[in-house]
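Please keep the sequence and the structure in view while reading.

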Amino acid sequence: MERAQFWRIVEGARAAGGADTERVAQVLLRRLRELPPTELEPFQELWEQEQDTLYCWPIHDAATLLLGPLDDDALLAVQDWIVSHGRGTVQRILDDPDSLVELAVDRHNARIDWFCGLPMEAHIAATGKSFTADRLDGPDEPSGVPAGLTDGASMRQRFPRLTAYLDDNPWIGQPWKDPAR
């Protein structure tokens, strides 16, 4: 599977599902079930490569500001959620993690595991079997350097849009005001 085809499938599911991320996952599964089984494992590999590109401290920090503390499983769900918004969104967030604030309207879906295992589910439905190979090993640790999320001045400089969003939505909490968050 070519990367361009991968993105056409992902972005087509997002276009069909619109702002309803659960619906996007349903559409994506339906579209994956329409693919030949030989295309599903390569789709999964490309999805995992996109997850890996998002596995860096600046994005982890931005997501923590927007969503609160994230364990490894929640971070994977967040990466899936970002990928589900399409290539342009992934690239914008890679270039400027502060732009994660653009997805704030859909933040309630970020931690929900809507997308994990969809290609495998489609493969099992088509063949009755799991993929032949397990997930390729991704990075063990996020790339880059973590920010000091409890330093409000630093966060305001590094993530001005996210911190402004937090100022406008005090119910979310701010790690520099509530370090236990």
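Does Arg156 count as buried, partly exposed or exposed? Arg156 counts as partly exposed, at 34% relative accessibility. Here buried means under 20% relative accessible area, exposed means over 50%, and partly exposed lies in between (1.4 Å probe, protein chains only).

The model is predicted: local features need pLDDT of at least 70, side-chain atom pairs count only at pLDDT 80 or more, and totals for chains, interfaces and linings use all residues. Residues are numbered from 1 along each chain as its sequence is written, and side-chain values use heavy atoms, with hydrogens and water left out.

Side chains of opposite charge can pair when their charged atoms come close. A salt bridge is a side-chain nitrogen of Lys or Arg within 4 Å of a carboxyl oxygen of Asp or Glu. The whole structure holds 5 salt bridges, and the table lists some of them.

| Salt bridge | N to O distance |
|---|---|
| Glu102 and Arg92 | 2.8 Å |
| Glu102 and Arg161 | 3.1 Å |
| Arg156 and Asp167 | 2.7 Å |

Helices are DSSP runs (H or I, at least four residues), numbered from the N terminus. In the pair of Arg156 and Asp167, Arg156 belongs to helix H8 (residues 152–158) and Asp167 to helix H9, 11 residues apart. Asp167 is partly exposed at 36% relative accessibility.

Glu102 forms a salt bridge with Arg92. Glu102 lies in the loop between helix H6 (87–95) and helix H7 (118–127) and Arg92 in helix H6, so this pair ties together parts 10 residues apart in sequence. Glu102 also forms a salt bridge with Arg161, which sits in helix H9 (residues 160–168), 59 residues apart from Glu102.

Definitions and conventions
Helix = DSSP H or I, 4+ residues; strand = E, 2+ residues; numbered from the N terminus.
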